[in-house]
Amino acid sequence: MEKKLKVGILGGTGMVGQRFISLLENHPWFEVTVIAASPRSAGKTYEEAVGGRWKMDTPMPEAVKDIVVMNVNEVEKVAGEVDFVFSAVDMTKEEIKKIEEDYAKTETPVVSNNSAHRWTPDVPMVVPEINPEHMQVIEFQKKRLGTTRGFVAVKPNCSIQSYAPVLTAWKEFEPTEVVATTYQAISGAGKTFQDWPEMLGNIIPYIGGEEEKSEKEPLRIWGKIENGVIVPAASPVITCQCVRVPVLNGHTAAVFVKFAKKATKEELIEKLVSFRGVPQELKLPSAPKQFIQYLEEDNRPQVALDVNYENGMGVSVGRLREDTVYDWKFIGLSHNTVRGAAGGAILCAELLKAQGYITAKEA
């Protein structure tokens with residue numbers, strides 16, 4: 001059996017870091033051997049560093065409890081212990097950009113959950129079923145960084161996962177205008193109801209920076225590599241509102257779409273359920289067998305019933321119907337910390353391994 005690749009988690013004590021650790025338990029290709037966090041956690045065992053702040057609904061994996069947390073700022077030291085890292089650090093955008101590139105320059109690939117590098121022109125931002133070919137821009141990034149195997153790759157924002165895959169499945173009908181409102185879970189802010197009791201029975205109609213990401217990031221995913229950078233697509237035009245709702249996990253989207261070409265309801269549903277990508281062809285370990293499911297019932301998808309579809313890696317769609325102003329409207333649902341965060345990044349790393357970008361460092 002091939003030896004597992006050694007993985008470091010940067011920012012391993014936060015909510016997304018914890019999700020990485022729980023999802024990587026018993027992973028067939030990757031093994032968490034290093035956890036790095038802020039200097040205040042460094043030197044403690046992982047169990048001590050997290051203390052009573054374990055936020056997952058499954059217990060902390062035994063294998064990580066006694067790992068001594070390293071200082072994330074000791075880049076050479078951390079990088080020397082691993083084949084690649086996942087990044088979920090909690091810093092300013094500029095600090096994240098710098099530290100992720102510092103790790104890449106030690107010849108350590110970085111697969112990031114952070115938004116800092118999503119608009120760096122030669123950094124691929126990938127949903128593996130949608131734009132796996134964007135990983136090719138890594139070759140240009142390596143030239144800029146002066147590396148042979150080190151690079152940064154990112155996954156997009158959690159809020160777009162419930163509608164961007166749907167619009168991708170419908171590409172041949174040429175969506176021209178999209179109006180989306182997302183109803184976003186509190187775990188997207190790294191919170192539980194214990195941390196954020198004022199969210200009980202409440203809705204907050206603002207999430208900083210989220211609307212801009214929700215409108216622009218799909219266009220970058222649908223873009224093309226030109227002259228060593230990713231050039232975003234020009235259409236469809238997307239306008240978005242993002243609302244925080246009292247749900248722990250699961251981002252729901254209510255979406256209206258105008259198309260250039262006519263499509264029937266049956267054609268649209270068929271495109272959704274048959275939509276496959278490279279992860280399904282390669283049978284990557286975290287890939288959902290069926291990426292998008294369509295639910296016929298009027299009251300689906302529901303967070304309580306559907307958020308864990310395909311272990312949280314699938315997208316659920318329902319209530320597809322004709323609209324009086326736009327052509328069609330639907331409801332989408334995705335798990336924001338699995339597909340939308342750590343799970344999406346793990347799938348990106350699996351794709352990068354399959355494509356030959358992530359390999360074991362030579363001893």
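**Notes on the aromatic pairs and a loop proline**

1. The model holds 12 aromatic pairs, counting rings of Phe, Tyr and Trp (its six-membered ring) with centres within 6.5 Å, where planes under 30 degrees apart are stacked, over 60 edge-to-face and the rest tilted. One of them is Phe30 with Phe86, edge-to-face at 6.5 Å centre to centre and 70° between the planes. Because Phe30 lies in strand E2 (residues 30-37) and Phe86 in strand E4 (residues 84-87), this pair ties together parts 56 residues apart in sequence. Strands here are DSSP runs of E, at least two residues, and helices are runs of H or I, at least four, numbered from the N terminus.

2. Please note that this is a predicted model, with local features needing pLDDT of at least 70 and side-chain atom pairs pLDDT 80 or more, while totals for chains, interfaces and linings use all residues. Residues are numbered from 1 along each chain as its sequence is written, and side-chain values use heavy atoms, without hydrogens and water.

3. Phe30 and Phe86 are both buried (under 20% relative accessible area; exposed is over 50%, partly exposed in between; 1.4 Å probe, protein chains only). They also belong to one aromatic cluster with Phe20, Trp29 and Phe84.

4. The charged end of Lys258 sits over the ring of Tyr326, 4.9 Å from its centre (NZ of Lys or CZ of Arg within 6 Å of the centre and within 35 degrees of the ring normal).

5. Pro39, in the loop between E2 and helix H2 (46-50), is partly exposed at 49% relative accessibility. Its C-alpha is 5.2 Å from that of Asn71, 32 residues away in sequence.
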